[in-house]
Amino acid sequence: MTAVLQTRNLSKKFGGFVVSNNISLTIQPGARHALIGPNGAGKTTLINLLTGFLEPSAGEVFLKGANVTRLAQHQRVKRGLVRTFQINRLFAEMTVLESITLSVCERLGLGWRWWSPVGSHAAAIDEAAELLATLHLLDVAHHKVRGLPYGKQRLIEIALALASKPQVLLLDEPAAGVPTSESRELFESIARLPSEVTILLIEHDMDLVFRFAERISVMVGGALLTEDVPEVIARDRRVREVYLGEALDG
Amino acid sequence: MTVLFDGIASGMLLFLISVGLSVTLGLMNFVNLAHGAFAMLGGYTCALLLSRAGLPFLLAVPLAAATAAAAGVVLERTLYRRLYAASHLDQVLFSIGLMFMSISTAHYFFGARQQPVVLPEFLRGQIQLPGLDIGIYRLFLIAVGLCLAFGLQWLVSRTRFGAQLRAAVDNPRIARGLGIDVDRVFTLTFALGSALAGLGGALGIEMLGLDPGFPVKYIVYFLIVVAVGGSGNIKGSLIASLMLGVFDVAGKYYLPQVGAFVIYAVMVVMLILRPQGLFGRSAAK
Amino acid sequence: MNQMNHRIALDLDPLRKLSAWRPAEYAFWLLTVAAYFLFPKSLALMSQIAITALFALSLDLILGYAGIVSLGHAAFFGLGAYAAGLLSKYGWGDPLLGLAAGGLVAATVGFVTSFLVLRGTDLTRLMVTLGVSMMLYEAANKLTDFTGGVDGLQGVEMQPLLGMFGFDLYSRTAYWYSLVVLFLMFWLARRLAHSPFGLSLRGIKQNVARMPAIGAPVHGRLVAIYTVGAAYAGVAGALLTQTTQFVSLDVMAFSRSAELLLILVLGGSGCLYGALIGTVVFMAAHHFLADINPQYWQFWLGAALVLIVLFARDGIMGLLRKLPVPGGKQA
């Protein structure tokens, strides 16, 4: 089976400072893969490299077998590689429905249409509305994003990514800052995603990681420490040392 | 050659005026297009003190600088401070407004003509060397400029204030957490920048001219110094100012029909090739 | 009739009806027509207001919608003005041809310079746009054989519009001409603003980092709108030349770019009508106050800019929107 997402010796240096060190990662289609590690391990940087947000100093990225290392972010999105951000990047002055409609329009290639009003593109609006429904955001559909509570904004962050109908979805700490009461709902939405969608998840909440992930990669100091199924990771002494304490059970 | 010498002197004046803008930009991330107005204030104050109050030149000039500093403190505390967090566009609009206000005020009080200035006896005249005429006033300008440049560098890298300044540039929040009064640092730095601008304006009446249109006429030059030298970079500002001064004087002498076109073209090319300037942005080094 | 998505029970009208024309808009344009009959002696001034409004509109497209800060937009205005002027001077005096020439020349320069302008930060952009416009100003200043330099371009003679309507001394033709051009280009801009393309521009302005992440080619969009904005400004410049039969050097001056920024801030950016209303208010004030004393005018201009930025950043449209009544408009 060809890996859906693969990196070969991916590295990133800022001056003399090595942020990502020779990372070779392989992810199979449909995987539920988690990426964990202490703060500063370089997990978000890896996502930035995978998506083209950052240019690597060395190494390559392969998406569905094709070398995408030279492709710009938006070109990778068109091929199905989508990410969310650790800190929300939303369109503060738009309504929720407008924001998601924008994302849908981009996916449908309507972004260059300058003559017809947005309101006339019924298919795009309907699709956006249905996505809001699956994420329980209908009640705030016509509210400006700016005034909404953080939990809702986090859902919108994910909705924006889902509107692009990703084949590979990179989630950067989706539950960060979300009260535990609401994070369950958030994770249920992620769990409900079709099994063909490959998901790579960065998370600190080990409860969620162990419930969700089929494979876990551990990063420390910019490099991959180890990768395996959750039970093995949980027993790995090095991983426990890296976390300095009771983050892992067992 | 005399042209080169004049260019260096002119560059020194540009440095004195522009260094404040560079540090303000590097420190407060504030685009102040009205910076030339402080130089203009210094110039007019000096002219007034010389002609009306009859003060000696070497007294009028520092007083002019002090006036500009005082204006800087007042404006920073009351107006500029409110816009530190605003977008660069807002800061530009605001400072253009201040610039218009200062131009019309100068026009109202002093009229549209060039301000004449009478230099003191001991600064007039020239030193004749083989193949080179050195104007004494030019020499004076270069000397003052170099002293101040070294003084600034020493202030920033050797004194406690300088350390606080660099800390505040790097990370205002942490600097505050360390007990540094960042607001006071900002005000003092703004005052210092304005004082230097006022000094440059006062010293430059003879070479750069002084009329109500001064802020608009020269703002592009100041921006070029900042763009090329890197914001917050004192050494960079000095080198950029000297280059610009020489280039400008030489250009006007050898290619008068081309005018300022070349200067703007150079700035645009520079910004395209190296948006961070020749020397890059550094913490008020 | 409510358009609902019945499967999920959400009223979609607020989004679908966003682009519908509002009563206040009809009223506005009817007023511009009525103005012809109400102020028959001020047609020259009103033509200038229409032309400046088009110019302000061009800046709103790039600044208000796409967030591109420019200190040198007058460059395109000037290019259009000179293009139309030179075309007419050398024999092709048809007004519509001049408009096309003005728009085309400005659009071409806009397209080429967009690659420079869109590099770097907002700050670099401010300086590059300022630098480019000053370069062009100096070029126009020095190339006196071509442009007339400080004395301006003379010898502009316009043929009758559409072969029928000569440009008369009372500016009757000028007014209708300017107004119709303004309205048509406004209408195009309005459609653009409400389209998916317009929505993507708002996305770029509000969160430029997010846009590539949802698959939008940001650079291409910005090049496109910058070119369109340049074209609009060029057409406005051409209109000025044709209605005044003269091109003055200050069409490219920094003060023109600065005044335009003030107009847009005064009226409120990002909603098209702000550009129009800001122009009307500004030019009316200029007409009544500037003659009294030019220095007072410049002083209060500066003061207005300072006060607006500090206290009423969203301009007149922003204040209108805060009214708790159907008077608040959202274009």
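**Note on a predicted model: packing within and between chains**

1. In chain B, helix H3 (residues 57-78) packs against helix H8 (residues 182-203) at an angle of about 140°, and their axes are 7 Å apart. The crossing of H3(B) and H8(B) is right-handed. The model is a predicted one.

2. On the H3(B) side, the residues that meet H8(B) include Val61(B), Ala64(B), Ala65(B), Ala68(B), Gly72(B), Glu76(B) and Arg77(B). Among their counterparts in H8(B) are Thr187(B), Phe190(B), Ala191(B), Gly193(B), Ser194(B), Gly198(B) and Leu203(B). Sorted by class, this helix contact has 15 nonpolar, six polar and two charged residues.

3. Chain A is assigned two domains: domain 1 is made of 1-80 + 167-179 + 195-250, and domain 2 covers 89-165. Taken over C-alpha atoms, the centres of domain 1 of chain A and domain 2 of chain A are 27 Å apart. Six residues from domain 1 of chain A and six residues from domain 2 of chain A make up the contact. The domain 1 side of that contact in chain A has five nonpolar residues, one polar residue and no charged residues.

4. Between chains, 41 residues of chain A are in contact with 30 residues of chain C. Helix H2 (73-78), helix H3 (96-107) and helix H4 (122-134) of chain A are the elements that each give two or more residues to the chain A side. H3(A) supplies the largest share, eight residues. By class, the side of chain A that touches chain C has 21 nonpolar, ten polar and ten charged residues.

Note on methods:
Residues are numbered from 1 along each chain as its sequence is written. Chains are lettered from A and ligands numbered from 1 in the order in which they are written. This is a predicted model: local features need pLDDT of at least 70, side-chain atom pairs count only at pLDDT 80 or more; totals for chains, interfaces and linings use all residues. Domain bounds come from an automatic or database domain assignment. Two residues are in contact if their C-beta atoms, placed from the backbone, lie within 7 Å. Ala, Val, Leu, Ile, Met, Phe, Trp, Tyr, Cys and Pro count as nonpolar, Asp, Glu, Lys and Arg as charged, and the others, Gly among them, as polar. Helices (H or I, at least four residues) and strands (E, at least two) are DSSP runs, numbered from the N terminus. Axes are lines fitted to C-alpha atoms, for helices over the stretch in contact, and angles run from 0 to 180 degrees between N-to-C directions. A crossing is left-handed if the near helix is turned anticlockwise from the far one by less than a right angle, and right-handed if clockwise.
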